[in-house]
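Hello,

Here is the structure I said I would hand over. Please open it first and then read the notes below it.

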Amino acid sequence: GINAEYGVRPGEDEVEALKNNLTETLGREGDVIHWGVDELVGNWWRPNYEPPQYPYVPPHITKPKEHRRLFLVRLPDKAMFAVPRNYKLVAAPLFELYDNSTGYGPVISTLPQSLSRFSYVYA
């Protein structure tokens, strides 16, 4: 998703901003990566500057402080990632994420439910 650290600049398309942020964060210098941004999977809002986020805007909030949009992104057939030292790239199966907010947090642990509307073809 796009968050405050990697926000959308004024006049910039949010999908293009996401692609640029993915390339800046995970791409190697000089590489061109063709990210397949498909569908919006979910929305999360942070009503104030506290940590909790919700998959809805609480009724007493008129202007949430943050809005995160989660997109389904297809990886290219071949790509090499350059993961920054302060990041950790983890390939976690959906069954490990499911109902595991203690390990992965409230947003990532609900990805299995959000992604259940898609059919996957494993080749």
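Aspartate 38 has a relative accessibility of 37%, and because buried means under 20% and exposed means over 50%, aspartate 38 counts as partly exposed. Please keep in mind that this is a predicted model.

Which residue does aspartate 38 form a salt bridge with? The partner is arginine 74, and the closest N and O atoms of the two are 2.7 Å apart. Arginine 74 is also partly exposed, at a relative accessible area of 49%.

Arginine 46 forms a salt bridge with glutamate 66, with 2.6 Å between the closest N and O atoms. Arginine 46 belongs to strand β1 and glutamate 66 to strand β2, and the pair links distant parts of the chain, 20 residues apart.

Are these two residues buried or exposed? Arginine 46 has a relative accessibility of 16% and counts as buried. Glutamate 66 is buried as well, with a relative accessible area of 14%. This pair is also part of a network: salt bridges with shared partners join Arg46, Glu66 and Arg68.

One more pair is worth looking up. Arginine 9 forms a salt bridge with glutamate 12, where the closest N and O atoms are 3.2 Å apart. Arginine 9 counts as partly exposed, at 46% relative accessibility. As background, side chains of opposite charge can pair when their charged atoms come close. The count of salt bridges in the model comes to 8.

Now to the nonpolar residues. The largest nonpolar core has 7 residues, namely Leu18, Leu22, Leu26, Ile33, Trp35, Val37 and Phe71. Helix α1 (residues 14-26) supplies the largest share of this core, with 3 residues. Another core, of 6 residues, lies apart from this one and includes Trp44, Val107, Leu115 and Phe118.

What is leucine 22 in contact with, leaving aside its neighbours within four places in sequence? The contacts of leucine 22 are Gly27, Trp35 and Val73. Of these, Trp35 is listed in the largest core together with Leu22.

Regards

Methods: Residues are numbered from 1 along each chain as its sequence is written. This is a predicted model: local features need pLDDT of at least 70, side-chain atom pairs count only at pLDDT 80 or more; totals for chains, interfaces and linings use all residues. Side-chain values use heavy atoms; hydrogens and water are left out. A nonpolar core is a set of buried Ala, Val, Leu, Ile, Met, Phe, Trp, Tyr and Cys residues joined through side-chain atoms within 4.5 Å. Buried means under 20% relative accessible area, exposed over 50%, partly exposed in between (1.4 Å probe, protein chains only). Helices (H or I, at least four residues) and strands (E, at least two) are DSSP runs, numbered from the N terminus. Contact means heavy atoms within 4.5 Å. A salt bridge is a side-chain nitrogen of Lys or Arg within 4 Å of a carboxyl oxygen of Asp or Glu.
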